[in-house]
Amino acid sequence: MIPLSWFLLLSAALFSIGLFGVMARKNAVAILLSVELMLNSVNINLVAFWRYGNIAQMSGQVFAIIVFAVAAAEVAVGLALVISVYRRFNTVVADEIDLMKW
Amino acid sequence: MTALQIIFLISAGVILVSAVMVVTTRNMVHAALWLVATLFGVAVIFAVLEAGFLAVVQVVIYIGAIAIMFIFAVMLTSREMRDKGPQMNQRAWLAGIVGVLIFGSLVLLLSTWDGFNVLPSAIGDTDTLKLLGNALLQPSAYLLPFEVASVLLLAALVGAVYVASNRN
């Protein structure tokens, strides 16, 4: 029997690693990869709370599925933007894409 | 220590090590492949949590579609990917401090909560997959959010095709 705390600690650690990646990486694709890590940690949390709560109440799994759909949408739009930016500026380094910087 | 706990610890180790590799490795193709390892670990965690359908969906959608799309994007934008200057910001140490702080405060906050060490109730012979299907397709449950999510996905894909298309 695994206590709930193990899952929560795992997902907290995974979320923190993803957060570090989002803030520290320069490459725009790497930032999207880190966002995927954070979304996965959220999914672990949702499914763990489903399992340790009321089994008949499926909210946790349903929300995990919706997170899947939103993650797919986010990756599609994000990578399309990265490819479009790469075509125009010939770089994917987030610091150098500063057209809208005041 | 039971077999389930050992499986959990092994997959948690795989998840955390490969997640650290995702955010630190220089070669972006390697980062995408480490992400695949992380996603496999999460699928194992779903199986440990007795959410078998989500474990399969994790492998099919995350690894089969999203990770492969990342690899495509990395290869389409590969000119600047490898070993040219630092891969981290100058203020990456600040990001590290923020990450550690967030983790520490999450652990502190959770450890004060009563339900932190709760043990799971037995699933028995409940058909959770049937419950999930019913929940997704019943108007009184989650039919509307499910359909909104699918419309969102369609709109995002149309938008992605528009943004990425070469109009010249």
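Colleague: How many residues of chain A are in contact with chain B, and with how many residues of chain B?
Modeller: This is a predicted model. The area buried between chain A and chain B is about 7,200 Å². Carbon and sulfur atoms give 77% of that area. The contact count is 73 residues of chain A with 84 residues of chain B.

Colleague: Which element of chain A gives the most to the side that touches chain B?
Modeller: Across this interface, nine residue pairs are in polar contact, both residues at pLDDT 80 or more. On the side of chain A, the elements giving two or more residues are helix 1 (4-24), helix 2 and helix 3 (59-89). The one that gives the most, with 24 residues, is helix 3 of chain A.

Colleague: Is A:Ser34 buried or exposed?
Modeller: A:Ser34 lies in helix 2 (residues 28-52) of chain A. Its relative accessible area is 0%. Buried means under 20%. Therefore A:Ser34 is buried.

Colleague: Which backbone oxygen does the side chain of A:Ser34 reach?
Modeller: Leaving aside neighbours within four places in sequence, A:Ser34 is in contact with A:Gly18, A:Gly21, A:Val22 and B:Val23. Its side chain reaches a backbone oxygen at 3.0 Å. That oxygen belongs to A:Ala30.

Colleague: What distance separates the centres of the two domains of chain B?
Modeller: Chain B is divided into domain 1 (1-83) and domain 2 (128-168). Taken over C-alpha atoms, their centres are separated by 23 Å.

Terms used: Residues are numbered from 1 along each chain as its sequence is written. Chains are lettered from A and ligands numbered from 1 in the order in which they are written. This is a predicted model: local features need pLDDT of at least 70, side-chain atom pairs count only at pLDDT 80 or more; totals for chains, interfaces and linings use all residues. Side-chain values use heavy atoms; hydrogens and water are left out. Helices (H or I, at least four residues) and strands (E, at least two) are DSSP runs, numbered from the N terminus. Buried means under 20% relative accessible area, exposed over 50%, partly exposed in between (1.4 Å probe, protein chains only). A polar contact is a pair of N or O atoms within 3.5 Å; within protein, one must be able to donate a hydrogen and the other to accept it, and residues adjacent in sequence count only if both atoms are side-chain atoms. Contact means heavy atoms within 4.5 Å. Domain bounds come from an automatic or database domain assignment. Buried area is the accessible area (1.4 Å probe) that two parts lose on being put together, summed over both.
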